[in-house]
Amino acid sequence: MKPHMKLLEDFNWRGMVYQVSEGLEELLAKERVTGYIGFDPSAASLHVGSLLPIMALARFQRAGHRPIAIVGGGTGMIGDPSGRSEERPLMSVQQIEENLAGLRRQLEPFLDFQARENAALMVNNADWLASVSMMEFLRDTGKYFTVNYMLGKESVKRRLGEEEGISFTEFSYMLLQAYDFLMLHDRYGCRLQMGGSDQWGNITAGMDLIGKLRRVQAHGLVFPLVISETGRKFGKTEAGTVWLDAKLTSPYRFYQFWFNTDDRDVVNYLKFFTWLPKAEVEELEQSVRTAPQERAAQVRLAREVTRLVHGETALAGAERASKALFGEEISSLTAEELLDV
């Protein structure tokens with residue numbers, strides 16, 4: 001697709017814009033933009049909570065722009081305080097490397113790493129953070145941020161109100177992420193960072209650093225945090241986290257997670273997590289109102305997302321297992337499918 005496609009118009013219709021920097025719409029309309037999203041390597045697999053940013057990168061690429069998925073091999077050793085009430089345990093280099101190994105494989109169904117003009121990139125911020133000295137970092141980055149500026153960020157203010165406070169390690173995370181944005185700008189011409197709404201403070205820090213050092217206007221866009229109408233944290237079930245790795249969450253259980261979506265959430269999830277166009281989503285929205293017992297929207301949601309993440313064969317197996325458990329012939333299931341149920 002061409003860069004002039006109205007990406008933000010689509011994002012807005014899908015409810016994917018929480019906050020956006022001034023001038024981004026005009027920039028996206030006139031040129032191909034390189035933008036990135038960071039992914040936390042704190043586990044061996046991404047989970048469904050990562051699907052909104054993954055789909056954002058995929059939509060960004062389909063609109064003609066160049067996506068970068070940055071994995072925090074460096075910052076993952078520290079941990080981001082945003083959206084957290086306590087400091088996460090520090091990870092070893094070996095743990096992080098093991099977790100990084102499977103992330104590209106999970107991104108490949110969504111991003112085109114072979115495209116001729118706007119191929120996706122996956123980079124590790126350890127490539128530059130591991131080699132920069134403390135003196136260099138303080139001189140080239142730290143001097144551009146006042147403590148007052150950092151204390152004004154919501155992620156820091158929230159933690160200061162907690163009994164445990166915030167360690168200097170996590171306090172410095174904002175500067176490291178700003179440095180990431182600067183490095184991606186210098187190496188790849190990156191001018192946009194996207195992320196969850198809790199990342200806005202970190203993103204604007206990077207925008208400010210690029211503006212001061214390179215005299216270039218960088219941009220940010222953040223998505224709303226996905227919270228279900230039932231109050232349950234998105235991606236959490238009674239059985240635990242819903243992972244993208246089939247070894248951790250079977251395709252059948254993955255399919256059931258989406259099939260069990262509340263009527264109040266299903267239309268939003270169709271907008272967030274599928275490629276369905278507006279007309280089809282509106283048709284399914286009508287079915288929720290007029291024939292909710294048929295669960296047509298939930299079936300379509302489960303089919304679309306399971307196919308995206310696990311492929312057509314796994315989707316077929318998940319659907320066979322679902323039908324067998326609800327009264328149809330169980331002999332059609334393979335031994336492996338029975339174990340996954």
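Student: What should I know before I start?

Tutor: The model is predicted, so local features need pLDDT of at least 70 and side-chain atom pairs count only at pLDDT 80 or more, while totals for chains, interfaces and linings use all residues. Residues are numbered from 1 along each chain as its sequence is written, and side-chain values use heavy atoms, with hydrogens and water left out.

Student: How many salt bridges are there?

Tutor: A salt bridge is a side-chain nitrogen of Lys or Arg within 4 Å of a carboxyl oxygen of Asp or Glu. By this rule the count is 15. One of them joins D186 and R214, with the closest N and O atoms 2.7 Å apart. D186 lies in helix α11 (residues 173–188) and R214 in helix α12 (residues 200–214), so the pair ties together parts 28 residues apart in sequence. Helices (H or I, at least four residues) and strands (E, at least two) are DSSP runs, numbered from the N terminus.

Student: How do α15 and α16 pack?

Tutor: Axes are lines fitted to C-alpha atoms, for helices over the stretch in contact, and angles run from 0 to 180 degrees between N-to-C directions. Under 35 degrees counts as roughly parallel, over 145 as roughly antiparallel, 65 to 115 as roughly perpendicular, and the rest as oblique. Helix α15 (residues 278–290) and helix α16 (residues 296–310) pack at about 140 degrees, with axes 8 Å apart. The two are therefore oblique to each other. Contact means heavy atoms within 4.5 Å. Here E280, L284, S287 and V288 of α15 meet A296, A297 and R300 of α16.

Student: Which residues are linked in a network of salt bridges?

Tutor: E280, R300, E304, R307 and E312. Within it, E280 and R300 meet at 3.0 Å, N to O.

Student: What about D245, which has no salt bridge?

Tutor: Lys and Arg count as positive, Asp and Glu as negative; His and the chain ends are not counted. D245 is buried, and the nearest side chain of opposite charge, R105, is 4.5 Å away. D245 sits in the loop between β8 (240–241) and α13 (251–259). A polar atom of its side chain lies 2.8 Å from the backbone nitrogen of K247.

Key
Buried means under 20% relative accessible area, exposed over 50%, partly exposed in between (1.4 Å probe, protein chains only). A polar contact is a pair of N or O atoms within 3.5 Å; within protein, one must be able to donate a hydrogen and the other to accept it, and residues adjacent in sequence count only if both atoms are side-chain atoms.
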